Amino acid sequence: MNEEELNALMRPKKVCLCKGLTRADIEKAYDKGAKTLDAIMKETLAGTGCGTCEWEIEKILREKQQKEEQEKKGQQLELFKNGS
Ligand code: FES
């Protein structure tokens, strides 16, 4: 791996170039309660410039929702196993 590749890995990738927001910024807003594209846009201003990043924001939202559902199912399975 050369220095350029290493720098690309170390630098957080911008999801929204217009507003300079990273995936971590979107995830933080989601965790604070912004669960829809509109809510993310209001909370972070992501997607309120050119709008070309909306698909990526929606992709992050789907991934976060799927992760939450998997965690919920895991918790329910644990409760079932423990007989509670
Ligand atoms: S890249 Fe997000 S609004 Fe333009």
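Is Ile60 buried or exposed, judged by the other C-beta atoms within 10 Å? In this predicted model, Ile60 is buried, because 20 other C-beta atoms lie within 10 Å, and a residue counts as buried if 20 or more do so. Ile60 has its place in helix α4, and once its neighbours within four places in sequence are left aside, Ile60 is in contact with Arg23, Ile26 and Glu27. Ile60 and Ala24 are 36 residues apart in sequence, while their C-alpha atoms are 10.0 Å apart in space.

**The nonpolar core**

Ile60 belongs to the largest nonpolar core, a set of eleven residues whose other members are Val15, Cys16, Leu21, Ile26, Ala29, Tyr30, Ile40, Ala46, Cys53 and Ile57. Three elements, namely β1 (14–16), α2 (23–31) and α4 (54–82), each supply at least two residues of this core, and the largest share, which is three residues, comes from α2. As a general background to such a set, nonpolar side chains tend to be buried together in soluble globular proteins.

When residues up to four places away in sequence are not counted, Ile26 touches Val15, Leu21, Ile40, Thr44, Ala46, Ile57 and Ile60. Cys53, by comparison, lies in the loop between α3 and α4, and Cys53 counts as buried because it has 21 C-beta neighbours inside 10 Å. Apart from its neighbours within four places in sequence, Cys53 is in contact with Val15, Cys16, Ala46 and Gly47. Cys53 and Gly20 are 33 residues apart along the chain, and 11 Å separates their C-alpha atoms.

**How the helices pack**

Two packed helices are described by the angle between their axes and the distance between the axes. For α2 and α4 the angle is about 50°, and the axes are 10 Å apart; the two helices are therefore oblique to each other. The crossing in which α2 passes α4 is right-handed. On the α2 side the residues that meet the partner are Arg23, Ile26, Glu27 and Tyr30, and on the α4 side they are Ile57, Ile60, Leu61 and Lys64. Sorted by class, this contact of α2 with α4 has five nonpolar residues, no polar residues and three charged residues.

How is α2 placed relative to helix α3 (residues 37–44), in angle and in the distance between axes? These two helices pack at an angle of about 110°, with their axes 10 Å apart, which means that α2 is roughly perpendicular to α3. Asp25, Ile26, Ala29 and Tyr30 of α2 make this contact with Ile40, Glu43 and Thr44 of α3. The residues of the contact of α2 with α3 divide into four nonpolar, one polar and two charged.

**Partly exposed residues**

Lys28 is found in helix α2, and Lys28 counts as partly exposed because it has 14 C-beta neighbours inside 10 Å. Ala39 has its place in helix α3, and with 15 other C-beta atoms within 10 Å Ala39 is likewise partly exposed. Leu45 lies in the loop between α3 and α4, and Leu45 is partly exposed, with 15 other C-beta atoms within 10 Å.

Most residues other than glycine have a negative phi. In Leu45, however, phi is near 75°, a positive value in a residue other than glycine.

**Pairs separated in sequence**

The following table sets out pairs of residues with their separation along the chain and the distance between their C-alpha atoms.

| Pair | Separation along the chain | C-alpha to C-alpha distance |
|---|---|---|
| Ile60 and Ala24 | 36 residues | 10.0 Å |
| Cys53 and Gly20 | 33 residues | 11 Å |
| Lys28 and Thr44 | 16 residues | 9.7 Å |
| Ala39 and Ala29 | ten residues | 8.6 Å |

How values were computed
Residues are numbered from 1 along each chain as its sequence is written. This is a predicted model: local features need pLDDT of at least 70, side-chain atom pairs count only at pLDDT 80 or more; totals for chains, interfaces and linings use all residues. A nonpolar core is a set of buried Ala, Val, Leu, Ile, Met, Phe, Trp, Tyr and Cys residues joined through C-beta atoms within 7 Å. A residue is buried if 20 or more other C-beta atoms lie within 10 Å of its own, exposed if 12 or fewer, and partly exposed in between; C-beta atoms are placed from the backbone. Helices (H or I, at least four residues) and strands (E, at least two) are DSSP runs, numbered from the N terminus. Two residues are in contact if their C-beta atoms, placed from the backbone, lie within 7 Å. Axes are lines fitted to C-alpha atoms, for helices over the stretch in contact, and angles run from 0 to 180 degrees between N-to-C directions. Angles under 35 degrees count as roughly parallel, over 145 as roughly antiparallel, 65 to 115 as roughly perpendicular and the rest as oblique. A crossing is left-handed if the near helix is turned anticlockwise from the far one by less than a right angle, and right-handed if clockwise. Ala, Val, Leu, Ile, Met, Phe, Trp, Tyr, Cys and Pro count as nonpolar, Asp, Glu, Lys and Arg as charged, and the others, Gly among them, as polar.
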